Amino acid sequence: MKTVNLFILRTVEVFAIGGLLVGFMPLSTPGPQNVMDPEDSIQSRSGKLTGYVEILFTEPGDPCIQSQERYLHPGTKVVIQNSDRHPIATGFLEVGTPEPLQAGFSKMTCKFPLVVENIPELQNYIIKLEGGEEFSYSRQQFEQKKWQVELTLFR
């Protein structure tokens, strides 16, 4: 039996049985813990992103109805991408509710709750709405905000 080291990643036992070359790789082998780019590596834990997407219209009327007619609606896809723009998690907007912009103002906004689960821990993220809007965040920013975001769109 001969031991062959393959680029230090795996130790493989190779032997011949009746002229057939057979390889055996144990489940636990020495080697690097992470062969991905350490700046964008997937860790074992995953996160849950919550918050809302707020849309503000400059014209009068119910912003939720205006939004559903033109931009955002319940079920709009929210994709979390890694820094290479590969999707890593997906969620959807829930039903929006109209709210005043600030107390005493006549302008209204529509807030669509969002939840995206099973987000792997990376160094950088891109939140992409189905309509094409993108928001970049680092893991540190997510952690500072306790994995809650408030995204605002102006129309």
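In which strand is I127 found? I127 lies in strand β9, residues 124–129. Helices (DSSP runs of H or I, at least four residues) and strands (runs of E, at least two) are numbered from the N terminus. The model is predicted: local features need pLDDT of at least 70, side-chain atom pairs count only at pLDDT 80 or more, and totals for chains, interfaces and linings use all residues. Residues are numbered from 1 along each chain as its sequence is written, and side-chain values use heavy atoms, with hydrogens and water left out.

I127 has 0% relative accessibility, so this residue counts as buried. Buried means under 20% relative accessible area, exposed means over 50%, and partly exposed falls in between (1.4 Å probe, protein chains only). The C-alpha atoms of I127 and I80 are separated by 4.8 Å, although the two residues are 47 apart along the chain. Contact means heavy atoms within 4.5 Å. Residues up to four places away in sequence are not counted; beyond them, I127 touches residues including L49, V78, I80, F135, F142 and V149.

The largest nonpolar core has 26 residues, and L49 and I127 touch the most other members. Seven strands are named as suppliers of at least two residues each: β4, β5 (77–81), β6, β8, β9, β10 (134–138) and β11 (148–154). Strand β8 gives the most, with five residues. A nonpolar core is a set of buried Ala, Val, Leu, Ile, Met, Phe, Trp, Tyr and Cys residues joined through side-chain atoms within 4.5 Å. With neighbours within four places in sequence left aside, the contacts of L49 include I80, L114, V116, I127 and W147.

Strand β8 also takes part in several pairings. Two strands pair if DSSP finds at least two bridges between them. Strand β4 (residues 46–56) runs antiparallel to β8 (residues 108–120), and 10 bridges join them. Here L49 stands opposite V116. Strand β6 (residues 87–93) is antiparallel to β8 too, with two bridges. L93 has L114 as its bridge partner in β8. Four bridges join β7 (residues 97–100) to β8, again antiparallel. E99 is partnered by T109.

One disulfide is counted (a pair of cysteine sulfur atoms within 2.5 Å). C64 and C110 form this bond, with their sulfur atoms 2.0 Å apart. The pair links distant parts of the chain: C64 is in helix α1 (residues 63–70), C110 is in strand β8, and 46 residues separate them. The S-S torsion is about 100°, so the disulfide is right-handed. Both cysteines, C64 and C110, are buried.
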